[in-house]
Amino acid sequence: MDTWTSFDLLPDAVLVASHEGLILFANPVAESLFGHPSENMIGMKLEELLPGFPDPAQSASHLAVDTQPGARFSRINPKHSGLHKDGSRIPIHFALRMLENGQRIISIRRQPDLETQDEFLRTIEKEFKVKIT
């Protein structure tokens, strides 16, 4: 199994980008998240799908990720959003791995909708209190 095939098996959206920020690979989950077929994402600039994505050329102090080689996770930040093909914003958080050759592997997850999470937790709390009393 080659590396690209193993990315296809991951539950997160994965983009691989060149050091210039051009997308080299997008897995099926990325297709679903962004609404573009992977073959259309190849050659797009990261900025087209991830507006304001941290540029490794910037100072690390300006980034929510570390630019040293290795996996680094973003802090959940409302400024991080993806851009769906239909123009809607997708709240995301991501992990970024910088490779020695300057390429970037970005693993992306949709941020949970906090209102939905709060509603779910309130419902569970009510059910839990009913069962205890």
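This note goes through the predicted model point by point, from the overall layout to single residues.

1. Basis. The model is predicted: local features need pLDDT of at least 70, side-chain atom pairs count only at pLDDT 80 or more, and totals for chains, interfaces and linings use all residues. Residues are numbered from 1 along each chain as its sequence is written, and side-chain values use heavy atoms, with hydrogens and water left out.

2. Layout. The chain has five helices and six strands, taken as DSSP runs numbered from the N terminus (helices: H or I, at least four residues; strands: E, at least two). Read from the N terminus, the order of elements is α-β-β-α-α-α-β-β-β-β-α.

3. The chain has 133 residues, of which 35% are buried (buried: under 20% relative accessible area; exposed: over 50%; partly exposed: in between; 1.4 Å probe, protein chains only). Its accessible surface comes to about 8,500 Å², with 55% belonging to carbon and sulfur atoms; the areas come from the Shrake-Rupley method with a 1.4 Å probe, and for residues only the protein chains shown count as cover. Of the contacts between residues at least 6 apart in sequence, 41% join residues at least 24 apart, a contact being heavy atoms within 4.5 Å.

4. Strand pairing around S6. Strands S1 and S6 pair in the antiparallel sense over five bridges, and Val14 stands opposite Ser107 in S6. Strand S5 (residues 89-98) also pairs with S6 in the antiparallel sense, over seven bridges, with Met98 opposite Arg104. Pairing here requires that DSSP finds at least two bridges between the strands. The hairpin of S5 and S6 has five residues between the strands, and Gly102 in this hairpin takes a positive phi near 95 degrees.

5. Salt bridge. A search of the whole structure finds one salt bridge (a side-chain nitrogen of Lys or Arg within 4 Å of a carboxyl oxygen of Asp or Glu). Arg109 and Asp12 form it, with the closest N and O atoms 2.8 Å apart. Arg109 lies in strand S6 (residues 104-110) and Asp12 in the loop between H1 and strand S1 (13-17), so the pair ties together parts 97 residues apart in sequence. Arg109 is partly exposed because its relative accessibility is 46%, whereas Asp12, at 15%, counts as buried.

6. Asn27. This residue lies in the loop between S2 and helix H2 (28-34) and is buried, with a relative accessible area of 0%. A polar atom of the Asn27 side chain lies 2.9 Å from the backbone oxygen of Asp12, and the side chain of Asn27 also reaches the backbone nitrogen of Val14 at 2.9 Å. Beyond four places in sequence, the contacts of Asn27 include Phe7, Leu10 and Ala13.

7. Aromatic pair. The structure holds one such pair. The ring centres of Phe7 and Phe25 are 5.8 Å apart and the planes stand at 40 degrees, so the pair is tilted (rings of Phe, Tyr and Trp, the last by its six-membered ring, pair with centres within 6.5 Å; planes under 30 degrees apart are stacked, over 60 edge-to-face, the rest tilted). Phe7 belongs to helix H1 (residues 3-8) and Phe25 to strand S2 (residues 23-26), so the pair ties together parts 18 residues apart in sequence. Both Phe7 and Phe25 are buried.

8. Leu46. Leu46 lies in helix H4 (residues 46-49) and is buried at 4% relative accessible area. Leaving aside neighbours within four places in sequence, Leu46 is in contact with Leu15, Ala17, Gly21, Ile23, Phe53, Arg104 and Ile106.

Definitions and conventions:
A polar contact is a pair of N or O atoms within 3.5 Å; within protein, one must be able to donate a hydrogen and the other to accept it, and residues adjacent in sequence count only if both atoms are side-chain atoms.
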